[in-house]
Amino acid sequence: MDNINSLVTPDDFIQYYYKQLKTDLDVDDVNINRLGFIGFFFELLGNTQFDTKNYYNNLFAEAFPVTASNNTNLIYHSDVYGYVPGFATPSVIQGVFKFDFTSFPLIATNIKKREIVISEGMYLSIEKLNYNLDADYKIIFDRVMTEIGLPTNSFRINCEIKSKDGFEIIPLLPSNSVIKIVDLKQYDLIEESVKLTNYVFGTHYVHTIALTDFIYALDIEVKERDSTTYEKYELRQNKSFSIPDEKVIFFKVSPKNELILEFGSGINGKYIPYSDILIHLKTTKGKLGNISSNTVSPSGLFTLIDFGFNDNIITTSTIGFNPSAIEAEVYGAYDGKDAEIEEVLRENLVKYIQSRNNLMSELDFENNLRSYFDVCEILF
């Protein structure tokens, strides 16, 4: 059976055993009818050997990160080696906002300062994709006073930008007010609240959310039955290494592109019947969000606050964006990436393992296997 590893179809195995029989009997004129008993036996033996070889090939292939192809098994291998598969990365807009302050409501003479606050309520729609603002912009108009303290009709204008990367102040000119775009990302926000029932201890409460895109960010807060506050729970894709009282929620994406959430059973993860759940999910198109230049008008709302000379708030109003008041000049959107799944996950996992210098060579693997079995044949 020196060449059995090269056989790939049931017919190959049938012909192989047929030739072995002729060799063992030392005859060349054997003619076996496959419709007879001996023929049936060879069909059975060949197909069984073929199925067995494929089963073990797949079994052994999925047992190692370098050869696994099933995404569930790759996630398990990731947990074993301490690698965390990444969610998708949203593309980020590069460009500027252009303001025409003459299109905003006039500042009355009894107003000393005006603030225009633009935050998460603003978004751009480009090529049927939504790009949402994660930074906070505050444009401040400070009336210029004379040396003797009298008000003038001039204003100093500054823009304060607060983002995940820090805080900065940018001075603006009334006639040419251009502000860089910061933290404007391609994603959609889904928020849901769920009330858990008194599900059976030892089982998981399952909640499903239909997806159309990749997951970019997922946060889940839990208010347990006897608690008055919400607490963020850890998220994991694999149950194998969880203990009964861990505050953890399991998630996976099904082949139907559904997000499946499984709440603790008391065996894997804390058992939390009657709890209130808040789900914050952001989804993104990943690399499909990488676009070229464009010019669009923002959508959404901003807040306008006017202060008097005693620093008291005179008016506060929420206003929709006027296309003539602000436009976004987009140079492009970059750095969008799809989620790590299947081939991409295997490649990145293997690179991670190799970086730890603990991969086993082929010879080491065979020697290790033979230390448990006196006789073995490696079929892959």
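Biologist: What follows α3, and what is its phi like?
Modeller: Gly 82 follows α3, and its phi is positive, near 80°. Helices here are DSSP runs of H or I with at least four residues. This is a predicted model, so local features need pLDDT of at least 70 and side-chain atom pairs 80 or more, while totals for chains, interfaces and linings use all residues. Numbering starts from 1 along each chain as its sequence is written, and side-chain values use heavy atoms, without hydrogens or water.

Biologist: And which residue caps the N-terminal end of α3?
Modeller: That's Asn 70, with a side-chain oxygen 2.9 Å from the backbone nitrogen of Thr 72.

Biologist: Which residues of α3 are buried?
Modeller: Within residues 71–81, Leu 74, Ile 75, His 77 and Ser 78 are buried (under 20% relative accessible area, 1.4 Å probe). Looking down the axis of α3, these fall within an arc of 160°, so they line one face of the helix.

Biologist: Switching to the loop: where is Ala 68?
Modeller: Ala 68 sits in the loop between α2 (37–62) and α3.

Biologist: Buried or exposed, that Ala 68?
Modeller: Ala 68 counts as buried, because its relative accessibility is 0%.

Biologist: Which residues does Ala 68 contact?
Modeller: Apart from neighbours within four places in sequence, Ala 68 is in contact (heavy atoms within 4.5 Å) with Ala 61, Glu 62, Leu 74, His 77 and Arg 346. Of those, Leu 74 and His 77 are also among the buried residues of α3.

Biologist: How many residues separate Ala 68 and Glu 342 along the chain?
Modeller: They are 274 residues apart along the chain, with 8.8 Å between their C-alpha atoms.

How values were computed: Buried < 20%, exposed > 50% of the residue type's maximum accessible area, 1.4 Å probe, protein only. Helix = DSSP H or I, 4+ residues; strand = E, 2+ residues; numbered from the N terminus. Arc of directions from axis to C-beta. Polar contact = N/O pair within 3.5 Å; in protein donor to acceptor, adjacent residues only side chain to side chain.
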